[in-house]
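I am opening a notebook on this structure. The entries below record what I looked up, in the order I looked.

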Amino acid sequence: PQIKYRQDYLPPAYLVDKVDLTFDVLDDTQTRVRSRMVIHRNPQSTAANVLQLDGSATLLSVVLDGDQLQPGAYQQHADGLAIPDVPDSFILDIETEIDPVANTSLNGLYGSSGNLYTQCEPEGFRKITYYPDRPDVMAKFSTTIIADKQKYPVLLSNGNKVGEGQADKKRHWVKWVDPYRKPAYLFALVAGKLVALKDSYTTVSGRQVALEIWTVAADQDKVAFAMGAVKRSMQWDETRFGLEYDLDIYMIVAVGDFNMGAMENKGLNIFNTSAVLARQDTATDADFERVEAIIGHEYFHNWTGNRVTCRDWFQLSLKEGLTVFRDQEFSADLHSRPVKRIEDVKKLRQLQFPEDAGPTAHAIRPDSYIEMNNFYTMTVYEKGSEVVRMYHTLLGEEGFQKGMKLYFQRHDGQAVTCDDFRAAMADANGVDLEQFARWYSQAGTPLLQVRGEYDAVARSYTLHVKQSCPDTPGQSGKQPYHIPLAVGLLGRDGQDLPLQLAGELAPGAGTRVLHVRAAEQSFTFVNIGELPVPSLLRGFSAPVRLQFDWRDDELSFLMANDSDAFARWEAGQAYAERLLKALLADHAAGRTLQLPAGFVEALRAVLKDHAADPAFKALMLSLPSEADILEMVDVADPGHIHTVREFVLNGLAQALRGEWHEAYNLNQTQRYQPADGGRRSLKNLALAMLTRLSDAWPLEAAEKQCLEADNMTDQMGAMLALRDRDVAERENCYLSFASRWQGDALVMDKFFSLVASSQLPGVLEHVKAAMQHPAFTLKNPNKARALLGSFGRNMLHFHAADGSGYAFLADQVLALDAINPQVASRIVSLFNRRQKLEAQRQALMTRELERILAKDGLSKDVYEIVSKNLA
Ligand code: B3K
Ligand code: ZN
């Protein structure tokens, strides 16, 4: 397969001013698409006068300025069409035919439960018609849909509805016009039997916007929360960013078959049902949070993505990193900022750090790709957001907003690059952000090694900072980054000392952002009258790994006293990391494991802090995950990781049994109230710890909670508490849950994911059995991810020493690849930590990957991931 390089970018030779599309839905399996494009030569291009169109649909006809072109007048190739000798300005009519039902890739126009939907980002439009399918070609679109009125009563597309009528006896038509220029990836169409929840929003300038959320009839009672989230998003973007919605209507459509979370098509967002539907009895608190965040994310794209879009796909983080930053801030402003920050950092560490240390590591602005769909990654999104956050940390809210304003002033209506964004931030603030560019070009997680030095005589404290970044595939010898390092110094009383750097006239606040720019650099604080405990990387001010040699008692001191909530949590994680590593070494050496009292007492203090936010406490009390631990060691034996982590959890359950019991009792809630989420999470954590004891009552309590709870958070909390216990209560709950929810696809996904993440023996057999369950199908991405994705993250069973887990998942990857390459490629990425594993498992994995690679007709998607893994 062909590799595309960022350096090869050339402006398009031809631009499209206007495109009028007509979708003639003849029957389920046959749609005719007529496209009329008004095209002119791009004055910026020096390329030959050959029009290049991307496409793969069945081509019926090509007509240039009214003349039908004979096949000799153009060249058709595997990826499109080249028409030589075209004039400087002309009209091109193209007709294609597609079969949406046969399209199981869910990319382009596809069928789902009898309805039609589209997904065009990044390169799905070319499966519909022949077009310059690249984001720097921005045109005005109109869309006419003609279809059977009974089968497809609802016909939607981007922009405003301008007309509708009867086409013939059975068929009707609707025409939509989008007044804003857009690239083809933002095109959308939906046709079918759907119902809408309708509402409206009045913008800050007083314009009325119609709001519609479309679902199949059975789901209509689960969209009220999403509607509220749309309004909150619109209002937040007006107040925090000064950005107002720009069309008269904003529509969301929910579909059960969807490759990712949601898609920001102009005026017509299409969502995975899992990212819209939420009702207390079917969705957990985490689901509600996710729905609100994704609604916000797609809405915020209207400005950061749609009004200003990407010049080419290498610039994807321009819109994604920025929009993730915006949705994170939205959630932080609406709910608990510290809890949100900790959750985001946990996710980054668990999913992005491994990616950045593995075979597919890439910069947030990659240099090359084989299949662009493989680059919608944790790196481009989440690390991309951390990079945007660093501008915010360096410039402050006011400076950041100045940069945003200049960015829109310069680039509204354009397709631009990450460098354009960086230039707007720099120019609006008159600062130099040249070195900062390395965050865009270098992959890998930087390491900060910090040492503290106290001089009692000079009353000064110096932080010696050393930065480095590991080599990644294709990149060695990294240059130093410009890193904002937020620090504080705690005095003996636990308060922040006022910070005054040598050379400054007066002391300042208790948190200071240091600009680390050199490979080695020192920062001296003066007027420090006592040996302080440093608090480093407050708020996680940069996406780096940090090393500092705190003593255990200093870590528990920070856990109890740091004024920065994130740093309190981080101190606990650092403490746990040290402990887990020591225990892994003990276990490998055959020594008996022991849980040190200091760690237990630090957690006891957290549990006993009745003033603290329960959601924050639950996070403080959670150990690094097994995936996190894998990243802490050089050579991993998954079995050992599991054993050691379980040992700590069992020890904590036992040593703190009184405190867990108390937390369980104190955080009981009566009738379901959304705002009690923090209490539910602490209560359910306590319950899960208590079921580790030999007592019978926690098992009985979990069973009761599972059967009687009035909300899904508590039901799932109980199911999770029982998941790894081989007891009758578990059997009972699982049976009743599966029969109660067999008709609810999203709840069944939760069930499948519990089955596949169990730690009990025989999981592989249970997963295989689940694949035969009537509610399961590999064709539905949510199902595949719930069962196979969860199994691939199951440290104990996926990594079974006999290789059975690897062989099974490889079989499923091959089966999936023939159905949906995007989903297959995500699943096969679960093999990407191969090089971390001990030799035997590595060899077993290698064999399976080679088997996949040898398969004829493998998709580009899977080929790219597997070949990089094996390289
Ligand atoms: N922009 C889409 C992602 C498209 C993914 C294509 N494989 C959703 C989002 O980031 O909002
Ligand atoms: Zn996005």
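**Record and model**

I began with the UniProt record, an unreviewed entry, which lists residues 225–438 as "domain: Peptidase M1 membrane alanine aminopeptidase". UniProt positions are given in the numbering used here, feature names are shortened, and annotations may be inferred rather than shown by experiment. I noted that this is a predicted model, in which local features need pLDDT of at least 70 and side-chain atom pairs count only at pLDDT 80 or more, while totals for chains, interfaces and linings use all residues. Residues are numbered from 1 along each chain as its sequence is written, and chains are lettered from A and ligands numbered from 1 in the order in which they are written.

I then looked at the span 225–438 itself, which is 56% helix and 9% strand. Its end C-alpha atoms lie 41 Å apart. Helices (H or I, at least four residues) and strands (E, at least two) are DSSP runs, numbered from the N terminus.

**Domains**

I found the chain divided into domain 1 (1–193), domain 2 (447–561) and domain 3 (742–871). These bounds come from an automatic or database domain assignment. The centres of domain 1 and domain 3, taken over C-alpha atoms, are separated by 35 Å. Five residues from domain 1 and eight residues from domain 3 make the contact; two residues are in contact if their C-beta atoms, placed from the backbone, lie within 7 Å.

**Core**

I looked up the largest nonpolar core, which has 236 residues. Such a core is a set of buried Ala, Val, Leu, Ile, Met, Phe, Trp, Tyr and Cys residues joined through C-beta atoms within 7 Å. A residue is buried if 20 or more other C-beta atoms lie within 10 Å of its own, exposed if 12 or fewer, and partly exposed in between, with C-beta atoms placed from the backbone. Ala226, Val253, Ile270 and Val276 touch the most other members. Not counting residues up to four places away in sequence, Val253 touches Leu156, Val190, Leu194, Trp214, Leu268, Ile270 and Phe271.

I followed β17 (residues 195–202) into β18 (residues 208–215), and the two pair in the antiparallel sense over eight bridges. Two strands pair if DSSP finds at least two bridges between them. Tyr201 has Val209 in β18 as its bridge partner. Five residues lie between the strands of this hairpin, and Gly206 takes a positive phi near 95 degrees. On to β19 (residues 249–255): β18 pairs with β19 in the parallel sense over five bridges. Here Ile213 stands opposite Ile252.

**Strand β27**

Is β27 enclosed or open? I found eight of the eight residues of β27 (residues 483–490) buried, so the strand is largely enclosed by the rest of the structure. Ile483, Leu485, Val487 and Leu489 are buried on one side, and Pro484, Ala486, Gly488 and Leu490 on the other. β27 runs antiparallel to β28 (residues 512–516), joined by five bridges, and Leu485 stands opposite Leu514. β27 also pairs with β30 in the antiparallel sense, over four bridges, with Ser535 as the bridge partner of Gly488.

**Backbone entries**

I checked the loop between β30 (533–536) and β31 (545–547), where Leu537 is placed. Phi of Leu537 is near 60 degrees, a positive value in a residue other than glycine. Phe540, in the loop between β30 and β31, has a positive phi near 50 degrees. Leu537 counts as buried because it has 23 C-beta neighbours inside 10 Å. Phe540 is buried, with 23 other C-beta atoms within 10 Å.

I also found a cis peptide bond joining Glu121 and Pro122, with omega about -5 degrees. Pro122 is in the loop between β11 (115–119) and β12 (140–148). Most residues other than glycine have a negative phi, and most peptide bonds are trans.

**Two helices**

I turned to Met712 in helix α17 (residues 712–723). Met712 counts as buried because it has 25 C-beta neighbours inside 10 Å. Met712 and Arg279 are 433 residues apart in sequence but 8.7 Å apart in space, C-alpha to C-alpha. Leaving aside neighbours within four places in sequence, Met712 is in contact with Gln280, Asp281, Thr282, Ala283 and Thr284.

My last entry is α24 (residues 821–828), where eight of eight residues are buried. Among them are Gln822, Ser825 and Arg826. The cover includes α21 (781–792), α23 (804–819), α25 (839–853) and α26 (860–870).
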